[in-house]
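Hello,

Here is the structure I promised to hand over. Please have a look at it, then read my notes below.

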Amino acid sequence: MAKNLGKIVGINGNMVSVETDSQVSLNEVGFILLNEQRLKAEVIRITGKRLELQVFEATSGLSIGNSVEFSGELLTVELGPGLLTQIYDGLQNPLPELAEQCGFFLQRGIYLNALPRNIEWDFTPSAKVGDTVSSAYTLGTVPEGQFKHRVMVPFSYTESYTIKDIKSSGKYTVDTEIAIIEDEKGNKYSVSMMFTWPVKRPITAYAERLKPGAPMVTKTRIVDTFLPVALGGTYCIPGPFGAGKTVLQQVTSKNAEVDIVIIAACGERAGEVVETLKEFPELIDPQTGKSLMERTIIICNTSSMPVAAREASVYTAVTLAEYYRQMGLNVLLLADSTSRWAQAMREMSGRLEEIPGEEAFPAYLESTIASFYERAGLVRLKTGEYGSVTIGGTVSPAGGNFEEPVTQATLKVVGAFHGLSRERSDARKYPAIHPLESWSKYPSVVPVEKVNYARSVLFRGNEVGQMMKVVGEEGTSIEDYLIYLKSDFLDFVYLQQNSFDPIDASVSVDRQNYIFDILLTILGGKFDLSNKAESRKYFNKLRQIFLDYNGAEWQSDDFKKLETELIDLIKVKKSGNLEDAYIFQKV
Amino acid sequence: MRKVYSKIESISGNVISVSAEGVNYNDLAVVTSSHGESLANVIRMNGNSVSLQVFSGGRGVSTGDEVRFLGHPMQVSFSENLLGRIFTGSGKPRDNGPELTENMIDIGGPSVNPAKRIIPRNMIRTGIPMIDIFNSLVESQKLPIFSVSGEPYNELLSRIAMQAEVDMIILGGMGLKYDDYLSFKETLEEGGAMSRTIFFVHTAADPIVECLLVPDMSLAVAEKFALGGKKVLVLLTDMTNFADAMKEIAITMEQVPSNRGYPGDLYSQLASRYEKAVDFEGAGSITILAVTTMPGDDVTHPVPDNTGYITEGQYYLRNGRIEPFGSLSRLKQMVNGDTREDHRPVMDGMIKLYAAYKESQEKKSMGFRMSDWDEKLLKYGALFESEMMDLSVNIPLEKALDNGWRILAESFTSDETGLRTDLLNKFWPSEKESR
């Protein structure tokens, strides 16, 4: 078949204009032929014979008249066994292999196979000749790390097919034919363990989408208890620089109770990715006892890598997440940072000379962000099993101001908002999520009435705190002062968490519920305290013991000893029975 | 022989357009006008029309002037001969030395594969306690110095250039005042550091396009030296001028501005320079310290704001001192654990006490009564500012830590410091030692 060809007629930064007589579709991939190199590019606008392409590489050295060859395909990723543990760039090039081939620097125009072709996978068929199958139907499985990777009928095969031939158990590479299927018209198709899928189209080969309900446990107290995220839900973390967005995501990627974590490092510092790269293989996943890397895929398109590929990287990441969802797994996608992705769109939009929206972001910013987050979700597969994709994206608002377009567009579509505050990070209160300004629409791991009660203490305490700034400690009544101390206590021992402490860094749901009850006896209790100095001293003492208690291993002797100590101290000053722990609705 | 084009179609600011064929994107050209020759590079192509930015500016270029394309992008000579030399932004000698043309290398090369990066692990000592103790500079780090006009940021840079434990220094000056350039030169010559230094200097009087080239020239040369095993420290001043130059060209090219007139790709442009900081496994490294002046002392201005998202921390230079609050080296914990056992506790302890001093000071200024504790803090704060924060203090880390203990001992009793008992036993100065 003759390839569709075109010629370059204009170059502006990483955008080239091409003229062609052939039929070309929007978002089709083209290759610019420059000497021996082939530079990948994507069609982003068509006006008659003139096309605009964004080039995924540096455009230096291109000239008018260079040929462009169109592939007839949209930008796709390879799906199949062997994705886990990989480190890809935004176009799914494996970076370690690239380093082996090219050394320290990223050379342009080199594209490697995303899935290794030389590994033989242990295939066990689960379907047989004569079975009727459709897209995403499981033909067999191969073990991939701790998972049973399903070999499925490619998602683009939307009709009904009959299996004509299927390989028996044995070792095959990803590109070996493992089955032949036939459609109703008698056309035969060859199926291997891998296939491709266009990244900008959501994978919808499931039975139905459901409302997320079950919590995605992150083991970070403030998130799980106060600002929960659901499996299949979405959340965003906006924050100024230095507020700890990336650290929070790194902690989540380590501790989250999900099957697979996909990290999309999109336009951020390379150094931070390196920490993950070098650290993860060493860390042990407490749930499986295996290296954390075995459940991780990293898509890494750092700030100095070509901008157009940055735009592609979040789509690459979400497509891989959707693929594993089809196997009945819970996948968490962490994108850091979606602002860089939005900026990549803005750069392209500027070159296309589109009419700019707010802060020069394109008018389609909101709908693009919305359709990205909408790719998350809890689904029921055709087999009746459930799978989910949860998306957590950081946002880096210019000047730390949440009023800017990317933050606002994101807030419209996510289910939880974890806003980081400069004030809290300056005061070294980590994680610096603002407990009062942030919100979540998902159910907490702790009963809702308890959380609401704690939140009301926090709210009142904050009010008193504001008032005290004006009237001073002297002008505050002892009742108000106690509320202030209680809310400060709650902040200190529960909302703040030390991510470098081995025990405190990850707190199980059981433990969160357990200590929350003790916390509530303090928050809701009446104390025999008559002056402020005494109260402050008493609460400082409580705080010290509670912090040690947080640092003790769950249910260890130390833990129990500190608990007794804590309860004894509460009893000293608390009036009434310990059993009528907290009184709801009355602060 | 390359073709000469002699019809310039349009001239707007520093950007000219000619009709030409067979030109490559980003290629260099020589524009010959009655005022002399200037380099130019291709920044946009549309059909036969080629737009170039002229390094020495569009002023004096006429429509009949000649444009000759060189067939390669901007390059810089790389050899040991560069050491001790001073160049302009376009690589021409600014001293009276010979022009260097051997071993030309491209500037603005590809980025380092993240999979080849390593976790930083070596501290760079500077002899400045506010850096060494409180926010250690780490090899391969990229750090800006946030400051405002009028602060001695260039003096700070030249001191770091003189004292930092690196193999060589590359200084990239953008929009430097001529006097500042001369004082850099004098300081380094007097200090005997000139032989390990290379200057790429664009002064405020030079054409704006050359300003854009300075970081790329400096970093391209740094990269080559680093690959050759050298520990290179790149000092850039002032990145805000670089961003402003970018803004000027972008507006001339009629690009849609995004935030306060800056082009939409400001973040990517800054990042592609800062991300050149790297530690090559088995070879040398590049560390970047860059001054970013904050217009109106506003950290949310697009240039410092975008910079903060890119770099690994920042130093705030205010009132002639490196501020302990706000300043942050994100990589410090990778190196300050194995310097001396008291490094981290002293760092934390002294900062906490200094924060308490600030509160006492505030109370004092509001007319509140000073307690004994407040008086102690006030004494401590004064000592801390004069013996630690003052930029003229120049002592190695160990000496600075010892001084820290002495300052603590002069101001407080040992149990007031909140430091661990085992450290107090080991490091707390006895009566005689403290003055």
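Pro143(A) sits opposite Lys148(A), a residue of β12(A). Glu144(A) has Phe147(A) of β12(A) opposite. These pairs belong to strand β11 (residues 138-144) of chain A and β12(A), which pair in the antiparallel sense over six bridges. The hairpin of β11(A) and β12(A) has two residues between the strands, and Gly145(A) takes a positive phi near 60° there.

Some ground rules. This is a predicted model: local features need pLDDT of at least 70, side-chain atom pairs count only at pLDDT 80 or more, and totals for chains, interfaces and linings use all residues. Residues are numbered from 1 along each chain as its sequence is written, while chains are lettered from A and ligands numbered from 1 in the order in which they are written.

Helices (H or I, at least four residues) and strands (E, at least two) are DSSP runs, numbered from the N terminus. Two strands pair if DSSP finds at least two bridges between them.

**Confidence**

The predictor gives the complex an ipTM of 0.86 and a pTM of 0.91. Chain B has an average pLDDT of 91. In chain B, 98% of the residues score at least 70. The pLDDT is the predictor's confidence in each residue, from 0 to 100. Where pLDDT is low, the predicted coordinates should not be read in detail.

**Two sheets in chain A**

One open sheet has four strands, in the order β12-β11-β9-β14 (chain A), with antiparallel pairing. β12 (147-152) and β14 (170-172) of chain A stand at the edges. Each has a single partner strand, so one side of each is left without a neighbour in the sheet. The twist averages 40° from one strand to the next. Angles here run from 0 to 180 degrees between N-to-C directions, and axes are lines fitted to C-alpha atoms, for helices over the stretch in contact.

An open sheet of four strands also runs in the order β10-β13-β15-β16 (chain A), again with antiparallel pairing. Its edge strands are β10 (132-133) and β16 (188-192) of chain A, each pairing on one side only. Strand β13 (residues 161-166) and strand β15 (residues 177-183) of chain A run antiparallel, joined by five bridges. Tyr161(A) has Asp183(A) in β15(A) as its bridge partner.

**A helix pair in chain A**

Helix α11 (residues 478-495) and helix α12 (residues 509-524) of chain A pack at an angle of about 165°. Their axes are 10 Å apart. α11(A) and α12(A) are therefore roughly antiparallel to each other (angles under 35 degrees count as roughly parallel, over 145 as roughly antiparallel, 65 to 115 as roughly perpendicular and the rest as oblique).

Lys486(A), Phe489(A), Leu490(A) and Tyr494(A) in α11(A) meet Leu519(A), Ile522(A) and Leu523(A) in α12(A). Residues are in contact if their C-beta atoms, placed from the backbone, lie within 7 Å. The contact of α11(A) with α12(A) has six nonpolar residues, no polar and one charged. Ala, Val, Leu, Ile, Met, Phe, Trp, Tyr, Cys and Pro count as nonpolar, Asp, Glu, Lys and Arg as charged, and the others, Gly among them, as polar.

**Where the chains meet**

The contact takes 48 residues from chain A and 41 residues from chain B. On the side of chain A that touches chain B, α4(A) gives the most, with seven residues. β1(A) and strand β5 (residues 36-46) of chain B pair in the antiparallel sense over three bridges. Asn12(A) has Arg44(B) in β5(B) as its bridge partner.

Best wishes

Key
Two residues are in contact if their C-beta atoms, placed from the backbone, lie within 7 Å.
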